[in-house]
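Here's a quick briefing to read with the model open beside you. Have a look at the structure, then work through the points below.

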Amino acid sequence: MVCNRFFVCADRKGENGNMTIQIEQQMAKLKKSYTEEELESFVRLSDRWLRKNDNATFEAWADAMILQTLSLIDEEEPYWTFVAAQIYLEKLYDQFATRRGVGVEDVYKVFPEQLARYTEAGLYHDCLTTKYSELELVELASYLEQSRDELFTYIGLKTLMDRYVVRDYTKTPVELPQERWMVIAMTLMQDETENRLEKVRESYWAMSNLYMTVATPTLSNAGKTHGQLSSCFIDTVDDSLQSIYDTNTDVATLSKYGGGIGVYMGKIRSRGSSIKGFKGASSGVLPWIKQLNNTAVSVDQLGQRQGAIAVYLDVWHKDVFTFLDLRLNNGDERLRAHDIFTGLCLPDIFMEAVEARGEWHLFDPHEVREVMGFSLEDCYDEQKGQGSFRDKYASCIANPLLSREVVPAIDIMKRIMRSQLETGVPFMFYRDEVNRMNPNKHEGMIYSSNLCTEIFQNMSPTQFESITLEDDVIVTRRKPGDFVVCNLSSVNLGKAVPAGVLERLIPIQVRMLDNVIALNTIPVKQAERTNARYRGIGLGTFGWHHLLALKEIQWESDEAVDYADKLYEHIAYLTIRASSALAREKGAYPLFEGSDWQTGAYFDKRSYNSDKWQALRADVANYGMRNGYVMAVAPNSSTSILAGSTATIDPIFQKSYSEEKKDYKIPVTVPDLSPVTTWYYKSAYFIDQNWTIKQNAARARHIDQGISLNLYVQNTIQAKDLLALHLNAWASGVKTTYYVRSTSVELLECESCAS
């Protein structure tokens, strides 16, 4: 027998009997999950190592075996990642048992004592011990399921332990995986009044089974004494020096706490515009973007990673060509901002001009306000093919008093595509479609998106009013605008759908997200106010390609498009129903009256005519919605790795690869890779992207906000083919596209929105 031979080998090391017992126990556990043939190569590697290391510890053996096991991972034997994870777990249990003064089998049983100890040490927030009684903590400890640690792949477990669990002041982990899930659940449910422990248990169930993930800030900061829980923030800069510098301060403050930032700068006057009547005085948007670039680099989130900021500008703005060249690697460095991500706001009429090879007029937004008496950026086309934006744009063209630059629209598009193939950006934001589908248009409009192009909520600039000296205190007064906050969480489709748990999962997930709003302390007050007014959340998904492979559905097929339509309609139904049920329990969001939710226009626009939808429509009208925005699909790059699935709604890069960390590489294969699923894991770079667009057009109908939609292209793609993809995306009703990922471009992932 393989394992018997191994034990004989281990017994030869009789000088360390405890180590022998530990190795025997580890092998017995592995034998329950894997055949002797599968473990044969592992035993041979271990045997050779033991012969060479006479005085080794169990920890040294575990480290060596993890490395050896990882070296065995490939497309034919992907299960080695779970073997490595199990060995790593035993090493963790051994370390934690020693530190906690208990046996390995009891490491989770002392959870209440650990909470008390580390709360006193200042690592945990005292809400965990003051809002829960000793008896409740004992009961919560009994909910911990140690066996769920075995759901992790090695890289998932390593990611959680390296980046997210609580560490002491020497940077030593003091939390095990199941404890992290429980602490998050306890934090989010601390103020629930009815059946609180059951809600904690449900939240723990959802996370510990990897059916869902919370956003990175929540995953990192819940239960701790510092940090906030929201993912991204979006600000609107007014055309004044005060607003520009106030925004920079707010952006720095939020970046410090780990938030990703989106900034709309379309209201700022262009280069050469007048200032107080002096013509040609303005230097345009470039200096202020470079200032934000410096903020992103300087405010580096305690040295963990630099800040991440996306800046959006309208395609009719006179500075658009300078803007499109910001990240290029050649040209005048004084005109570059390499650490800023760019997004372009595109009206329908521009895309029509590109398609028709027509001309395009560039204006200065300040001059438009002065001459025309309106702000062009404050308008959008209320219907396809007609509306206030194109009417006002036409009136600007007709006014001879307005200065402008006239260029072929296709020339701008060429510059867009050149930048995308070299740098991956700009992101494309189709502003008319976004605003047409905005359920809260009665309270404002949406100018741009966030760092990952999936958040669309009402925006407006904060207005400076006065600064006075009162009782020897300087008092600044500002009228708050809508400063968007996004609170994210995502369903793991690859696990939750096959398990049939969506009906149970989504209600607790929506409750968790809503509680983030109540618990979060945001250091920028206008953001805190906006968060409370709209109570916007973004329930999303990841693991789409994983799910298709399990269902044996080809990516490039009508079956995949139809499945996307039906699945996301079901998720939308459950999410809206959960938010409405919360409204019945806790009250609707303050701006519900007059919204598309209240009038029923939300359901009409999406043709939700079935009996169940009509019944839900009636419930929403009667009880309201707890959340003004409910769904958004984020990139989920890091947390999809943690949960052992594929990222967001994207196809995979390749079936096997090495995930690079700071000082090592970890081999990874796609989830549930087998002789059956392998045929359904086609690389993104070999998939016809028109099928991806088709899928997203189908699912976009059911998502009130947006989707982080990447386009994957070969670096040899012809301009006409990339142009055709953009035109197809726009014509299909896709609201945004994220990166254009060329095979020649390495791109930075947004970690703030990972959920």
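**Salt bridges and backbone in a predicted model**

The side chains of E179 and R100 meet in a salt bridge, with N to O at 2.8 Å; the term stands for a side-chain nitrogen of Lys or Arg within 4 Å of a carboxyl oxygen of Asp or Glu. That pair links distant parts of the chain, with E179 in helix α10 and R100 in helix α5, 79 residues apart. Keep in mind that this is a predicted model, where local features need pLDDT of at least 70, side-chain atom pairs count only at pLDDT 80 or more, and totals for chains, interfaces and linings use all residues. Residues are numbered from 1 along each chain as its sequence is written, and side-chain values use heavy atoms, with hydrogens and water left out.

**Confidence**
- The mean pLDDT of the chain is 92, and 94% of its residues reach 70 or more; pLDDT is the predictor's confidence in each residue, from 0 to 100.
- Over residues 1-16, pLDDT stays under 50.
- Where pLDDT is low, the predicted coordinates should not be read in detail.

**More on the salt bridges**
- The structure holds 38 salt bridges.
- Both E179 and R100 are buried (buried is under 20% relative accessible area, exposed over 50%, partly exposed in between, with a 1.4 Å probe and protein chains only).
- R478 pairs with D250, their closest N and O atoms being 3.7 Å apart.
- R478 sits in strand β10 (residues 473-479) and D250 in helix α13 (residues 241-256), so this bridge ties together parts that are 228 residues apart in sequence; helices (H or I, at least four residues) and strands (E, at least two) are DSSP runs, numbered from the N terminus.
- R478 is partly exposed at 30% relative accessible area, while D250 is buried at 8%.
- D596 bridges to K441, with the closest N and O atoms 3.1 Å apart.
- Here D596 is in helix α26 (residues 596-599) and K441 in the loop between α20 (431-436) and β9, 155 residues apart.
- D596 is buried, with a relative accessible area of 8%, and K441 is partly exposed at 26%.
- Salt bridges that share partners join D239, K267, R269, R369, E377 and D378 into one network.

**Helix α6**
- In α6 (residues 111-120), the buried residues are F111, P112, Q114, L115, Y118 and T119.
- Those residues cover an arc of only 160° around the axis, which puts them on the same side of α6; the arc is that of the directions from the helix axis to the C-beta atoms.
- They pack against α5 (80-100), α7 (127-130), α8 (134-143) and α10 (177-188), where contact means heavy atoms within 4.5 Å.
- Just after α6, G122 takes a positive phi of about 90°.

- Most residues other than glycine have a negative phi, and most peptide bonds are trans.
- L210 is not a glycine, yet has a positive phi of about 60°.
- L210 lies in the loop between α11 (196-208) and β1 (212-214) and is buried at 1% relative accessible area.
- R357, not a glycine either, has a positive phi of about 55° and belongs to the loop between α16 (348-356) and β6 (359-362).
- V425 and P426 are joined by a cis peptide bond, with omega about 20°.
- P426 is found in the loop between α19 (409-423) and β8 (427-430).
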